[in-house]
Amino acid sequence: MDHETTIRETTIIEPTVTYSKVNESVIRMLDKPTIKWLSLFVFDLAVLAFGIFCWMYQIYMGLGVTGYRHPVFWAVYITNFVFWVGIAHSGTLISAILFLFRARFRMSIYRISEAMTVFAVLTAGLFPLIHLGRPWNFYWLIPYPNQRGLWINFRSPLIWDVFAVSTYLTVSSIFFYVGMIPDIAAIRDRVKEVPRKIIYTILSLGWKGSSWEWSHYTRAYFYLAAFATPLVLSVHSVVSWDFAMADVPGWHTTIFAPYFVAGAIFSGLALVITLAVPIRKIFHLEEYITVANFEGMAKLIILTGLIVTYAYIVEPFISWYSGSPPEWGQTVFRAKGPYAPFFWIMVFCNSVIPILLWFKKIRTNIKALFIISLFINIGMWFERFNIIVISLSHEFEPGAWGIYRVSWVELGITAGAFAWFFMFFLLFIKTLPALSIAEIKEILPAPNKEAKVR
Amino acid sequence: MSWIRIERYFEEENQNDSNMRFIPMLCQHCDNAPCEPVCPVYATYHNPEGLNVMVYNRCVGTRYCSNNCVYKVRRFNWFTYRWPVPLNWQLNPDVTVRSKGVMEKCTFCVQRIRFGEDRAKDEGRDVRDGEIIPACAQTCPTKAIVFGDLKDPESEVSRLSKDERGYGVLSDLNTHPSITYLKKVKWDKV
């Protein structure tokens with residue numbers, strides 16, 4: 001078939017892979033955890049425990065244990081929130097938008113990125129609670145009928161956030177689960193031990209793999225993908241409005257929605273690479289996650305990185321062109337003030353480093369890609385930090401300028417959040433199919449007699 | 001926590017220069033307050049008298065109001081502050097003691113306003129001009145702060161706010177501050 005040869009040429013999946021091998025390789029990943037996995041998991045839980053201790057300490061003492069100083073009232077927590085919501089975006093981009101565009105390089109990495117999406121939203125969702133002055137009253141942000149006759153303020157972008165993030169969590173987890181049903185059934189058929197067998201049987205919802213089931217399933221998956229697609233654009237736009245709707249110089253910009261969406265996909269793709277490279281190596285998945293997969297992502301990073309760089313250029317231009325002294329003062333303060341190192345780290349990591357990806361030799365080199373992806377992760381974290389902290393510390397009133405310094409509690413909670421994310425991820429790797437068995441088989445040639453003999 | 005701060009601005013680059021301007025900065029009780037729409041739980045809202053009021057027990061502490069306040073006059077309770085005896089005597093019995101995790105700001109001494117209104121109501125009359133004096137105006141030895149009803153065209157504060165020296169701080173941001181500042185006329189420019 002002509003169609004098949006074109007797929008073969010790009011080697012999304014190595015030609016040595018057969019139908020039965022896919023099942024074996026993916027289900028092999030769920031084998032009994034090794035000592036390495038267990039020690040990693042215990043270390044992760046220890047970091048998480050420290051993060052939880054920090055949060056408890058903060059709740060007990062009050063928010064004063066953080067580095068907040070007047071007028072910087074949002075800092076690392078909101079930075080983490082925006083960072084993790086951003087990370088969550090590329091998962092749906094890869095699984096939903098690239099599915100609709102029939103981009104085949106998504107096949108072997110989309111499950112990992114979808115899992116990353118769900119866990120990143122779970123991590124992001126913690127931070128609006130952690131940063132509250134009175135976190136035990138968090139449910140006041142949810143509209144529910146109550147005896148006190150109180151209602152929420154729908155004009156507040158924070159309420160839009162509540163809806164955006166909870167919608168995104170719901171849709172992305174349903175999409176994640178629905179995509180896994182046929183694979184879970186394949187695991188169910190393979191495992192023998194009783195507790196696992198029962199759990200996978202329940203999770204597989206009685207999937208038999210009949211053609212009737214498949215015809216409904218593919219349609220449902222298609223509609224879910226179409227439903228999830230607008231969310232990729234809307235959720236981070238709403239998050240950007242937390243800033244764009246405010247009057248703070250450096251926040252009040254119309255470019256924020258597209259800028260944040262591009263930045264979100266940019267950072268998310270980088271984290272997919274950061275996660276996929278070790279998984280590929282540890283579980284020997286070189287035949288499945290090929291260089292072509294990584295190259296596809298690297299090209300998307302080039303595109304989104306260019307959009308982000310464009311925003312970095314437009315922002316100072318508009319602040320100069322506006323003729324507004326606070327706006328221009330903010331721009332100069334970013335580039336030359338006490339926070340300038342962070343600003344230049346951001347520019348270096350997000351605009352200069354991705355230039356390397358223009359060279360085919362570099363973007364097809366897995367090690368180089370891994371290192372570049374780490375740089376982008378750091379750069380994107382600092383981008384959010386710069387937007388939030390630098391803007392707040394240098395506003396309209398010169399009499400109320402102030403400098404923020406991070407405290408150990410904030411660093412502890414940040415480390416704990418990373419541990420929280422990796423805890424879910426480590427569990428996922430050992431319990432659920434990290435590659436899509438069903439979708440990989442879609443692009444394999446149908447098994448024939450020779451394959452059977454082999 | 002201080003709800004009013006005195007900002008110092010120097011005329012010249014050299015800070016030894018004695019040509020310094022003071023701006024007492026407190027909540028401007030904006031008619032179009034940027035802090036109000038961003039609060040997710042309506043903890044800060046506009047009351048019918050035109051005051052920008054803060055409901056402490058509704059506040060969950062998102063601190064968005066302070067970020068959006070262009071005057072940066074809001075203060076946050078970072079800890080549970082303790083007032084061991086005899087420091088507890090400095091607490092005003094008419095003012096709520098705020099707990100940790102809530103935002104607070106200048107109220108224009110709302111307790112004094114309520115007291116004055118109630119007394120006028122008991123005596124069956126309107127509030128007289130100058131009858132209600134907030135704490136800052138009371139303590140200012142040079143009487144630089146004047147408080148009153150802006151809607152009453154006869155009041156002292158109305159007369160002063162129409163002065164040609166009057167300006168609102170950052171009023172170009174369309175916040176419509178309630179406080180009018182009177183520009184200092186310099187001796188060499190008269």
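A residue is buried if 20 or more other C-beta atoms lie within 10 Å of its own, exposed if 12 or fewer, and partly exposed in between, with C-beta atoms placed from the backbone. This is a predicted model: local features need pLDDT of at least 70, side-chain atom pairs count only at pLDDT 80 or more, and totals for chains, interfaces and linings use all residues. Residues are numbered from 1 along each chain as its sequence is written, and chains are lettered from A and ligands numbered from 1 in the order in which they are written.

**Exercise 1. Describe the build of chain B.**

Step 1. Count the elements. Chain B has 5 helices and 8 strands. Helices (H or I, at least four residues) and strands (E, at least two) are DSSP runs, numbered from the N terminus.

Step 2. Read them in sequence order. The pattern of chain B is β-β-α-β-β-α-β-β-α-α-α-β-β.

Step 3. Take the dimensions. The C-alpha trace of chain B spans about 50 × 50 × 40 Å along its principal axes.

Step 4. Check burial. Chain B has 190 residues, and 27% of them count as buried.

Step 5. Look at sequence separation. Two residues are in contact if their C-beta atoms, placed from the backbone, lie within 7 Å. Take the contacts in chain B between residues at least 6 apart in sequence: 45% join residues at least 24 apart.

**Exercise 2. Follow helix α11 of chain A.**

Step 1. Find its ends. Helix α11(A) covers residues 291-321, which is 31 residues.

Step 2. Compare its reach with the expected span (1.5 Å times one less than the number of residues). From first C-alpha to last, α11(A) reaches 44 Å, close to the 45 Å expected.

Step 3. List buried positions. Among them are N293(A), F294(A), G296(A), M297(A) and E315(A).

Step 4. Find their partners. The buried residues of α11(A) pack against α10 (256-282), α12 (325-336), α13 (340-352), α14 (360-363) and α15 (366-393) of chain A.

Step 5. Step past the end. Just after α11(A), G323(A) has a positive phi of about 70°.

**Exercise 3. How do α4 and α7 of chain A pack?**

Step 1. Two packed helices are described by the angle between their axes and the distance between the axes. Axes are lines fitted to C-alpha atoms, for helices over the stretch in contact, and angles run from 0 to 180 degrees between N-to-C directions.

Step 2. Give the values. Helix α4 (residues 76-100) and helix α7 (residues 157-190) of chain A pack at an angle of about 40°, with axes 11 Å apart.

Step 3. Classify the angle. That makes α4(A) oblique to α7(A). Angles under 35 degrees count as roughly parallel, over 145 as roughly antiparallel, 65 to 115 as roughly perpendicular and the rest as oblique.

Step 4. Name the residues. V85(A), A88(A), G91(A), T92(A), S95(A) and A96(A) of α4(A) meet V165(A), Y168(A), S172(A), F175(A) and G179(A) of α7(A).

Step 5. Sort them by class. Ala, Val, Leu, Ile, Met, Phe, Trp, Tyr, Cys and Pro count as nonpolar, Asp, Glu, Lys and Arg as charged, and the others, Gly among them, as polar. The contact of α4(A) with α7(A) has 6 nonpolar, 5 polar and no charged residues.

**Exercise 4. Which residues surround R74(B) and C65(B)?**

Step 1. R74(B) counts as buried because it has 24 C-beta neighbours inside 10 Å.

Step 2. List its contacts. Leaving out residues up to four places away in sequence, R74(B) touches C35(B), C65(B), S66(B), C69(B), M103(B) and K105(B).

Step 3. With 25 other C-beta atoms within 10 Å, C65(B) is buried.

Step 4. List its contacts in the same way. C65(B) touches C35(B), V38(B), C39(B), T44(B), R74(B) and M103(B), not counting residues up to four places away in sequence.

**Exercise 5. Where are the two chains in contact?**

Step 1. Count both sides. 30 residues of chain A are in contact with 29 residues of chain B.

Step 2. Find the main contributor. On the side of chain A that touches chain B, the largest share, 3 residues, comes from α7(A).

Step 3. Sort by class. That side of chain A has 18 nonpolar, 7 polar and 5 charged residues.
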